[in-house]
Amino acid sequence: MSTEVVSDEQTLADDEYTTAQKEPSEEKKSGGWKLPWPETTIDPTLIRWRYALGIPLIHLLACMAFLPWFFSWTGVVLSVLGLYVFGTLGVNLCYHRLLTHQGFVAPKWLEHFFAVLGVCTMQDTPACWVSMHRIHHKYSDNQPDPHSPLVNFFWGHCGWLMYINRDFRNVNYYQKYTRDLLRDPFYMKLERNERWIQIYAASILLFFLAGYAIGGTQFGLSLVVWGVFVRTVVTWHITWSVNSFTHIWGYRNYETDDNSRNNILVGLWANGEGWHNNHHADQRAAAHGHKWWELDVTWLTIRLLEKLGVVKNVVRPKIWAANAGDK
Ligand SMILES: [Zn+2]
Ligand SMILES: [Zn+2]
């Protein structure tokens with residue numbers, strides 16, 4: 001269980017995969033900033049059926065929660081806890097702050113465990129998620145940002161997932177953005193044979209069998225409906241709201257060359273991911289809340305893991321060092 005130190009090569013994410021922030025142009029400052037669909041999704045425009053059907057299907061399955069027969073308080077508690085376990089640890093902490101931006105270093109066993117939690121949110125493989133997010137940072141609110149809401153709100157929220165983007169058609173297309181990740185055979189294996197979907201399916205089975213063993217069929221299904229489907233849908237909308245809300249509404253601490261915003265609501269319900277303008281201004285920082293009142297539960301978790309000696313090389317916001325220097 002050693003804590004591996006990243007090599008120089010692995011710490012280049014900011015320089016290699018994203019762009020330095022520039023001064024915003026007058027056109028962008030003046031508002032009315034609109035974008036067409038990303039060039040990588042047109043000529044030809046193709047529906048990505050797996051998502052175009054899969055997203056409504058999981059929403060429908062989650063709607064079974066409205067039927068009293070599928071209710072159990074245990075299911076509701078697992079659903080709420082799952083938002084933290086799978087959404088905050090799996091997506092925010094691992095997919096985003098660790099794998100995409102290398103904001104800290106975790107032991108490989110823990111990194112892989114968190115990545116499996118991320119897989120259980122049904123947000124694609126770590127390498128696919130990371131490549132999309134690095135492209136987003138590189139071209140934020142410009143062509144070919146895959147999910148800017150400046151196309152329209154629905155596009156930025158989840159519409160972009162339902163069309164084939166040449167950059168994420170398969171691993172051969174997006175691996176140029178994730179060479180660092182795919183050097184690890186663990187992440188390469190997740191790309192093969194639909195393994196990530198198998199893991200999600202296995203998690204459904206696990207929830208059912210655990211419930212069935214304790215309280216029979218009804219209890220098992222209540223854990224699946226609430227603990228898996230409802231939690232998946234809520235986690236989706238939390239993650240998606242970071243892509244949509246926080247590139248439209250909110251305040252800005254930094255004049256970044258994009259339309260990113262700090263949105264108080266998203267900051268709270270996404271456990272820190274909503275301080276998105278801060279994040280665009282200082283992408284590697286593991287803390288997204290830069291002011292004392294910008295509550296960032298994901299950062300508090302990383303800070304706790306650091307204090308326990310589990311993670312290290314934690315990157316702090318540059319502004320904190322600058323402010324400390326002023327005093
Ligand atoms: Zn990011
Ligand atoms: Zn963004």
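Me: Which hand does the crossing of α4 and α6 have?
Reply: Right-handed, in this predicted model. The two axes cross at roughly 65 degrees and come within 10 Å.

Me: Which residues meet there, between α4 and α6?
Reply: From α4 you have Y95, H96, L99 and T100. On the α6 side they meet P126, W129, V130, H133 and R134.

Me: And how many of those are nonpolar, polar or charged?
Reply: The contact of α4 with α6 has 5 nonpolar residues, 3 polar and 1 charged.

Me: OK, zooming out. How many helices and strands are in the protein?
Reply: 15 helices and 0 strands. Of the 327 residues, 44% are buried.

Me: What about the largest nonpolar core, how many residues does it have?
Reply: It has 35 residues, and C94, F104, A127 and A286 are those with the most contacts inside it.

Me: Which elements give two or more residues to this core?
Reply: α4, α5, α6, α9, α10 and α14. Of these, α4 gives the most, with 7 residues.

Me: Last one: what share of contacts with a separation of 6 or more comes from residues 24 or more positions apart?
Reply: That share is 70% in this protein.

Definitions and conventions:
Residues are numbered from 1 along each chain as its sequence is written. Chains are lettered from A and ligands numbered from 1 in the order in which they are written. This is a predicted model: local features need pLDDT of at least 70, side-chain atom pairs count only at pLDDT 80 or more; totals for chains, interfaces and linings use all residues. A nonpolar core is a set of buried Ala, Val, Leu, Ile, Met, Phe, Trp, Tyr and Cys residues joined through C-beta atoms within 7 Å. A residue is buried if 20 or more other C-beta atoms lie within 10 Å of its own, exposed if 12 or fewer, and partly exposed in between; C-beta atoms are placed from the backbone. Helices (H or I, at least four residues) and strands (E, at least two) are DSSP runs, numbered from the N terminus. Two residues are in contact if their C-beta atoms, placed from the backbone, lie within 7 Å. Axes are lines fitted to C-alpha atoms, for helices over the stretch in contact, and angles run from 0 to 180 degrees between N-to-C directions. A crossing is left-handed if the near helix is turned anticlockwise from the far one by less than a right angle, and right-handed if clockwise. Ala, Val, Leu, Ile, Met, Phe, Trp, Tyr, Cys and Pro count as nonpolar, Asp, Glu, Lys and Arg as charged, and the others, Gly among them, as polar.
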